[in-house]
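Subject: Structure for you to look at

Hello,

Here is the structure I promised. Please open it first, then read my notes below with it on screen.

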Amino acid sequence: MIELVDVTKSYNGTVKAVDRLTLTVPRGEIFGFLGPNGAGKTTTIKMITGIVRPDQGTIRVNGKDIGTEPLEAKRQFGYVPDSPDLFLRLKGLEYVTFMADMYGVPQDVRKERIARLAERFDMTDALSDPIQSYSHGMRQKIVIMGVLVHHPEVWILDEPLTGLDPKSAFTLKEMMREHADSGRTVFFSTHVLEVAEKLCDRVAIINKGVILFCGTFKEMQEHFRSSESLERLFLELTKHE
Ligand SMILES: Nc1ncnc2c1ncn2[C@@H]1O[C@H](COP(=O)(O)OP(=O)(O)OP(=O)(O)O)[C@@H](O)[C@H]1O
């Protein structure tokens, strides 16, 4: 579960990247965070994950306050950033093992998990190569594997499907659904509307740091008395801003 209450963040005291944002993502849900470029998605995700400190407001992950109990809060989630260019000098296996060490995953458990994840993401042969030699999609997959190896209760993913090949994207979507169906939480940002439409139980639409809508697609359609595609609704939601 993720809770944001009245969260605001400005950069340089001028641009309000996120403005009094209040949002609850319960367990058992895939929640899509939608918005155009510069809407405030990454800033919100960086505040949830403790990378950026909000100017005001409270953020809790499974009831743990990221401001006052950062370690406890960070144990609750796994975070896939929008750029996968991390630890490039490590080999894939070294990176995933490092993540397993950081989160105290027992040896026997990690071995089985890494093998299973590598198989699902078609990465078994690549594990012994340096990340530097990977394609963008492979780098993304190794970052995702590093997150999933410690079995976080809450998944937080920033544009996770961008750059993945169709098979890997399908696998990740399948895993997100399994995770939510097992009673846990998936929160991800995207500007690919069709993906959100197919995958999410609920969405929030953010523009210029403000949430314009939060609910199911059906509710959104009813809200606009329209059965148009999400893209059209999305334009409808943002054009007056
Ligand atoms: N470090 C920073 N310093 C100054 N302004 C920033 C910084 N990071 C983001 N911003 C500004 O804050 C606003 C929100 O940016 P943010 O990256 O959160 O949006 P986003 O929805 O993730 O966009 P995108 O889809 O393009 O990644 C934008 O106006 C952006 O220019």
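Predicted model: local features only at pLDDT ≥ 70, side-chain atom pairs only at ≥ 80, totals over all residues.

Y11 and V15 belong to a stretch where β1 and β2 run antiparallel, joined by seven bridges. The two strands make a hairpin, and three residues lie between them. Look at N12 in that turn: its phi is positive, about 55°.

On which strand does I2 find its bridge partner? On β4, where the partner is V61. That pair belongs to the antiparallel pairing of β1 (residues 2–11) with β4 (residues 56–61), which has five bridges.

Put together, the sheet is open and has four strands. The order is β2-β1-β4-β5, with antiparallel pairing. Which strands stand at the edges? They are β2 (15–25) and β5 (64–65). Each has a single partner strand, so one side of each is left without a neighbour in the sheet.

**The six-stranded sheet**

There is also an open sheet of six strands, in the order β6-β7-β8-β3-β9-β10. Here the pairing is mixed. At the edges are β6 (77–80) and β10 (210–215), and each pairs on one side only. On average, neighbouring strands of this sheet are turned by 15° against each other, direction ignored.

To locate it, go to G78, whose bridge partner in β7 is W155.

α1 (residues 41–48) lies across β3 (29–34), β7, β8 (185–190) and β9 (202–207). Against β7, α1 runs at about 145°.

**A helix pair**

Now move to α3 (residues 92–102) and α5 (residues 136–148). Their axes come within 8 Å and cross at roughly 25°. Angles under 35 degrees count as roughly parallel, so α3 is roughly parallel to α5. The crossing of α3 past α5 is right-handed.

Which residues meet there? From α3 come G92, Y95, V96 and M99. From α5 come I142, M145 and G146. By type, the residues of this contact are five nonpolar, two polar and no charged.

How many residues of domain 1 are in contact with domain 2? The count is 11, and they touch nine residues of domain 2. On the domain 1 side, β7 (154–158) and α6 (166–181) each supply at least two residues. The most come from α6, which gives three. That side of domain 1 divides into five nonpolar, four polar and two charged residues.

**Where to look first**

- The hairpin of β1 and β2, with N12 in the turn.
- The contact of α3 with α5, including Y95 and M145.
- The side of domain 1 that touches domain 2, where α6 gives the most.

Best wishes

Key
Residues numbered from 1 in each chain as written. Contact = placed C-beta atoms within 7 Å. Nonpolar A, V, L, I, M, F, W, Y, C, P; charged D, E, K, R; others polar. Pairing = 2+ DSSP bridges. Axes fitted to C-alpha atoms, helices over the stretch in contact; angles between N-to-C directions. Parallel < 35°, antiparallel > 145°, perpendicular 65-115°, else oblique. Left-handed = near helix turned anticlockwise from the far one by under 90°.
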